[in-house]
Amino acid sequence: MSPCNAKYVFSTDLLHYHFHEDHPFNQKRVLLATELLKQAGTLIENNIIPPRKATETEIKLFHDHAYVEAVKQASKYMLPEQTAVEYGLGTEDTPIFSGMHEASSYLVGGSLAAVDEVLSGRATHALNLGGGLHHGFKRKASGFCIYNDGAIAIRYIREAYNLRVLYVDTDAHHGDGVQWAFYDDPNVCTFSIHETGRYLFPGTGNVNERGIKEGHGYTFNLPIDAFTEDDSFLDAYTTALTKIAAFFKPDIIVTQNGADAHCYDPLTHLCSTMKIYEQIPLLAHKLAHEYCNGKWVALGGGGYDMWRVVPRAWAQIWNVMYQGQPLSGELPAAWLDKYQKESPVRLPTHWEDDPSIVPVIPRREEISEKNSLALQQLLKYTVTPSNQT
Amino acid sequence: MLVEEIMKTEVITLPPTATIQQALDLLNQHKIRHIPIIDKENHVIGIVSDRDVRDASPSIFESDEGSNNLQHEIQSIMSHPVITIHPLDFVEEIAKIFYDKEIACLPVVREGNRLVGIVTEKDMLYTMIQLTGTHVQGSHIEIKVPHRPGILPEVTAIFGKRKTNIVSVLVYPSKDDPEYKILVFRIQTMNPLPVIEDLREAGYELLAPNHTAGPLK
């Protein structure tokens with residue numbers, strides 16, 4: 001596919017969302033991915049736009065006034081502990097840090113800036129790797145997420161532009177916050193592929209969660225088994241998303257690109273390699289051109305092996321947006337030189353993974369079979385009488 | 001947990017003299033599957049299920065013109081005597097009644113069979129969901145521990161030390177080893193790794209999928 005007009009949201013304002021040194025969620029990932037792209041020569045200054053700070057009115061498109069006030073108080077360490085806990089703040093997952101309201105507002109503003117670039121026509125695609133905080137609830141922080149920039153961005157698209165949105169969430173954790181936000185809305189179709197909630201947080205995302213009221217049939221979940229490998233993941237993802245897009249025919253696609261389904265990721269039990277992170281954006285890109293005149297906004301998300309996995313996985317989203325193809329071969333030596341010194345683990349030297357990094361999974365066949373059964377369950381709702389052939 | 005905590009108190013009932021047609025209409029209108037039959041003093045004297053009513057209805061393949069099957073009194077098809085329970089019964093006890101008797105609905109009565117509520121199989125399942133904690137966000141951890149006194153507080157102390165909120169705890173016997181129990185915890189965190197590490201250090205055996213975390217990660 002020929003190169004597209006794309007914009008990359010970045011400034012150091014995105015890096016202040018930081019709980020503490022030992023916390024698994026580290027926004028340095030955004031810097032590592034940005035630097036990798038610059039060294040690879042696919043990201044130039046002209047492509048970059050800064051995030052703006054989302055206004056409180058914008059944040060309240062999804063979150064409750066009382067919750068936003070609580071986050072602002074917590075930002076200054078002025079929120080009583082008991083009240084904080086009620087709002088999901090001050091927990092091990094989402095600890096309070098100084099300036100958390102401002103830092104979170106920039107992540108939200110980054111996603112809104114990405115939406116504006118695309119919907120004003122200045123760009124066809126836009127990427128905000130600082131966003132994708134899909135666990136945030138209306139009045140509760142959860143799973144490292146304070147403000148749910150994805151849900152806010154979708155509300156913003158609905159109110160300002162009245163477009164039908166397809167939200168695609170490939171994080172290994174279920175995209176629950178965004179799902180529940182639009183569970184009764186037929187104009188927002190959500191699709192989340194994730195490790196089954198049997199063991200993994202948040203525990204939801206069963207295939208039978210289909211939406212309610214008017215929104216019934218517009219929520220899609222594909223829970224895949226622990227230890228799922230590339231082939232099974234890609235088969236499920238490709239088939240499901242192709243059919244869902246054909247069923248829903250969106251005006252714009254918003255993707256959440258958690259990079260925690262990789263076999264190196266410490267928090268999940270999926271077993272993919274970099275192969276899926278090449279295919280995920282390629283399909284989103286293709287479908288955006290097929291159904292939405294290219295309109296595609298991509299966000300970051302989870303990803304807890306910040307050295308070996310996330311920079312490469314996220315950089316490939318931009319490579320696909322910008323030049324239509326992922327990069328391959330050796331990683332830029334300058335990037336490796338610069339960051340190997342800091343990294344506690346040996347950095348990979350190529351864009352692709354050596355397939356041998358995946359351990360042998362004895363129940364591979366059964367796992368693939370189970371995933372394809374889940375896929376069949378999901379597909380039942382992608383067939384309507386009008387497109388049944 | 002007591003029956004009175006999960007029972008529904010607004011019960012749709014019929015007198016024994018009502019017609020089968022009335023029962024059919026009520027079942028359809030309220031999307032329910034059982035109707036207790038009560039006398040003038042509100043005492044339970046029978047029960048009809050949707051299946052009883054269906055059995056008494058003409059087949060859709062037969063012309064029912066002239067048939068007055070549905071005009072019979074409901075008492076002609078109701079089941080009796082009725083197995084009933086009390087508001088102070090334990091939920092786990094009545095689960096056994098559902099299972100043993102292969103029924104799906106239990107009227108709740110007090111003082112001489114007076115109807116005060118109803119519990120269905122569906123209410124039981126909902127309660128089970130609450131007990132397992134799967135309705136709230138959390139991570140799931142299974143640990144194999146020796147079956148001996150004091151083991152539960154030892155394990156939960158580790159969660160306490162990490163300030164990890166426990167949503168639910170289940171204890172069940174290890175299938176292949178009667179000397180061991182399996183403890184199942186749902187904990188309110190997206191990052192169970194610190195707790196898992198502590199549990200390992202304390203010498204506990206973790207079960208799938210985290211048992212592979214060592215070599216795999």
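Trainee: What makes strand E5 (residues 139-146) of chain B and E8(B) a pair, and in which direction do they run?

Mentor: Two strands pair if DSSP finds at least two bridges between them. E5(B) and E8(B) are joined by two bridges and run antiparallel, so they meet the rule. A strand here is a DSSP run of E of at least two residues, a helix is a run of H or I of at least four, and both are numbered from the N terminus. One of the facing positions is Lys144(B), opposite Glu205(B) in E8(B).

Trainee: Before we go on, what should I know about the model?

Mentor: It is a predicted model, in which local features need pLDDT of at least 70 and side-chain atom pairs count only at pLDDT 80 or more, while totals for chains, interfaces and linings use all residues. Residues are numbered from 1 along each chain as its sequence is written, chains are lettered from A and ligands numbered from 1 in the order written, and side-chain values use heavy atoms, with hydrogens and water left out.

Trainee: Back to chain B: what makes E6 and E8 edge strands?

Mentor: The four strands form an open antiparallel sheet in the order E6-E7-E5-E8. Strand E6 (166-173) and strand E8 (205-206) of chain B each have a single partner strand, so one side of each has no neighbour in the sheet.

Trainee: Why is the meeting of Lys72(A) and Glu69(A) called a salt bridge?

Mentor: The term needs a side-chain nitrogen of Lys or Arg within 4 Å of a carboxyl oxygen of Asp or Glu. Here the N to O distance is 3.3 Å, so the pair qualifies. Both residues lie in helix H3 (residues 65-75) of chain A, three residues apart, about one turn of the helix.

Trainee: How many salt bridges cross the interface of chain A and chain B?

Mentor: The rule finds zero there, although the count over all chains comes to 27. With contact meaning heavy atoms within 4.5 Å, 29 residues of chain A touch 20 residues of chain B.

Trainee: What is the area buried between chain A and chain B?

Mentor: About 2,000 Å², with carbon and sulfur atoms giving 58%. Buried area is the accessible area (1.4 Å probe) that two parts lose on being put together, summed over both.

Trainee: What makes the bond from Phe201(A) to Pro202(A) stand out?

Mentor: That peptide bond is cis, with omega near -5°, and Pro202(A) is in the loop between strand E5 (188-195) and E6 of chain A. In chain B, the bond from His80(B) to Pro81(B) is also cis, with omega near -5°. Most residues other than glycine have a negative phi, and most peptide bonds are trans. Asn293(A), which is not a glycine, has a positive phi of about 55°.
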